[in-house]
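Please keep the sequence and the structure in view.

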Amino acid sequence: MPQLGLLPGRACVSLLSQLLRPPHGACTRAIRSHSHGTRDLSPQQMVVREKILDMVVSCFKRHGAKGLDTPAFELKEMLTEKYGEDSLLIYDLKDQGGELLSLRYDLTVPFARYLAMNKVKKMKRYHVGKVWRRESPTIVQGRYREFCQCDFDIAGQFDPMIPDAECLKIMCEILSGLQLGDFLIKVNDRRIIDGMFAACGVPESKFRAICSSIDKLDKMSWKDVRHDMVSKKSLDPEVADRIGDYIQRHGGISLVEQLLQDPRLSQNKQALEGLEDLKLLFEYLTLFGIAEKISFDLSLARGLDYYTGVIYEAVLLQTPNQAGEESLSMGSVAAGGRYDELVSMFDPNSHKVPCVGLSIGVERIFSIVEQKMKIFGEKVRTTETQVFVATPQKNFLQERLKLIAELWDAGIKAELLYKNNPKLLTQLHYCEKMGIPLVVIIGEQEMKGGIAKLRSVVSREEVAIKREHLVAEIQKRLLES
């Protein structure tokens with residue numbers, strides 16, 4: 001198996017700079033517009049993003065996952081032929097001699113490579129990191145060329161559908177916790193799709209191509225998808241119509257049971273296996289109390305080539321919007337599935353490590369939360385400063401520095417103005433603007449009396465505290481707030 005080459009620091013920087021350096025004369029254009037599919041995040045946006053990520057990661061940890069990180073780029077050969085038609089969207093780094101490298105397209109293939117390279121047979125891991133795709137960005141829908149993914153995966157040989165059910169439970173916990181509104185998780189199985197194709201008369205050589213056509217059903221009408229299959233992919237129109245009869249059906253366990261009796265599908269071994277597993281999955285989802293959030297949807301295809309079993313995708317049923325405005329269609333906000341063959345592609349002995357996982361669409365969720373905050377006029381504090389050290393007098397910088405060091409050493413989040421002689425009003429205005437709750441005021445009078453004044457920014461009440469009790473009093477107030 002080819003090993004991931006370690007490049008000297010300069011080579012890494014040089015390679016990544018190929019992606020980041022705009023073409024000649026494009027700098028001013030890039031500054032004016034982020035049409036190239038990336039974005040800067042302001043301090044306010046970073047606060048919101050960190051809260052979302054904290055909630056997602058704490059859920060992953062609650063389910064026993066370990067953290068993992070992999071390089072931003074991989075050997076090009078590691079990534080090609082893993083994504084089907086989407087392989088065209090991979091960012092290749094400029095050939096500067098030596099190994100050909102590409103920026104990672106997702107976090108799943110690097111995880112599979114990690115498992116194979118390190119001979120890991122069992123692992124429950126989460127990974128938060130940036131990925132890159134050369135697609136047309138639709139920024140209004142939270143779609144970018146550089147974006148963050150949050151993945152959770154369970155690798156290992158286990159009894160059927162137990163890890164898969166837990167993945168769906170995690171998706172429900174995260175989407176409920178983020179309070180984005182009502183959502184639905186569509187579920188299907190690649191074996192059912194392939195079995196359906198075989199039963200309908202699709203030639204095996206066209207399975208993947210027709211699968212990627214069906215994957216467009218959330219963005220296109222059935223009429224357009226049918227045209228894509230018949231005109232562009234040369235599928236027999238009768239076969240396309242047979243597929244159309246199936247893929248426009250969705251429901252719960254009753255649909256699974258109905259299809260188990262279907263004259264075409266019940267004759268196909270693959271489809272039967274998939275349906276039996278889905279029946280078991282729905283039993284576990286009922287025990288987890290989330291079955292009503294799940295819909296068995298035969299149109300769900302998930303175009304990535306590496307899926308082999310259960311696949312799922314979460315969509316919001318509504319997004320918060322102002323009266324009279326159309327709701328934004330955000331597409332899927334989380335997705336995943338089972339990929340039992342991927343690890344063996346990286347293993348010289350083709351050892352299998354079955355895996356199932358999910359990915360949370362942070363950028364889209366972030367867009368929805370931002371939109372919601374805008375509508376409700378919610379304000380965000382960009383710092384976590386708890387105490388501001390102020391003085392009403394000149395030549396008190398040394399005392400302020402001594403005092404703030406004491407607060408920092410006690411683990412208190414504190415700030416001061418970087419001026420020798422700041423005006424007291426300027427300092428208090430800064431606290432109000434930044435939402436800092438407490439101010440310690442120290443001046444000549446306080447020094448003589450061995451005290452410091454502790455002021456509440458909101459109520460403007462001041463109390464004198466003995467200098468030696470100051471840290472304890474601040475800590476007590478912070479605990480109470």
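This is a predicted model: local features need pLDDT of at least 70, side-chain atom pairs count only at pLDDT 80 or more; totals for chains, interfaces and linings use all residues.

Q: Where is N188 placed, and is N188 buried or exposed?

A: Helices (H or I, at least four residues) and strands (E, at least two) are DSSP runs, numbered from the N terminus. N188 belongs to strand β6, residues 183-189. Buried means under 20% relative accessible area, exposed over 50%, and partly exposed in between (1.4 Å probe, protein chains only). N188 is counted as buried because its relative accessibility is 0%. Contact means heavy atoms within 4.5 Å; leaving aside neighbours within four places in sequence, N188 has contacts that include I193, L278, F296 and L300.

Q: How many residues of helix α7 are buried?

A: Nine of the 11 residues of α7 (190-200) are buried, among them R190, I193, F197 and C200. The elements covering these buried residues include β6, α8 (207-214), α10 (237-247), α12 (269-287), β8 and β9.

Q: What is found at the N-terminal end of α7, and what just after the helix?

A: D189 caps the N-terminal end, with a side-chain oxygen 2.8 Å from the backbone nitrogen of R191. Just after α7, G201 has a positive phi of about 100 degrees.

Q: At what angle do α7 and α8 pack?

A: Two packed helices are described by the angle between their axes and the distance between the axes. Axes are lines fitted to C-alpha atoms, for helices over the stretch in contact, and angles run from 0 to 180 degrees between N-to-C directions. For α7 and α8 the angle is about 110 degrees and the axes are 11 Å apart. Angles of 65 to 115 degrees count as roughly perpendicular, under 35 as roughly parallel, over 145 as roughly antiparallel and the rest as oblique; α7 and α8 are therefore roughly perpendicular. Residues making this contact include I193 and F197 of α7 and F207 and I210 of α8.

Q: Which residues does Q270 touch, not counting those up to four places away in sequence?

A: Q270, in helix α12, touches R191, D194 and G195 on that count. Q270 is partly exposed, with a relative accessible area of 35%.

Q: At which positions does UniProt place the feature "binding site"?

A: UniProt positions are given in the numbering used here, feature names are shortened, and annotations may be inferred rather than shown by experiment. The unreviewed UniProt entry places this feature at D106, L107, T108, R133, Q149, D153, R302, Y306 and Y307. R302 lies in the loop between β8 (294-297) and β9 (310-316), and Y306 is found in the loop between β8 and β9. R302 is buried at 15% relative accessibility, and Y306 is buried at 5%. The side chains of Y306 and D106 are joined by a polar contact of 2.7 Å.

How values were computed. Residues are numbered from 1 along each chain as its sequence is written. Side-chain values use heavy atoms; hydrogens and water are left out. A polar contact is a pair of N or O atoms within 3.5 Å; within protein, one must be able to donate a hydrogen and the other to accept it, and residues adjacent in sequence count only if both atoms are side-chain atoms.
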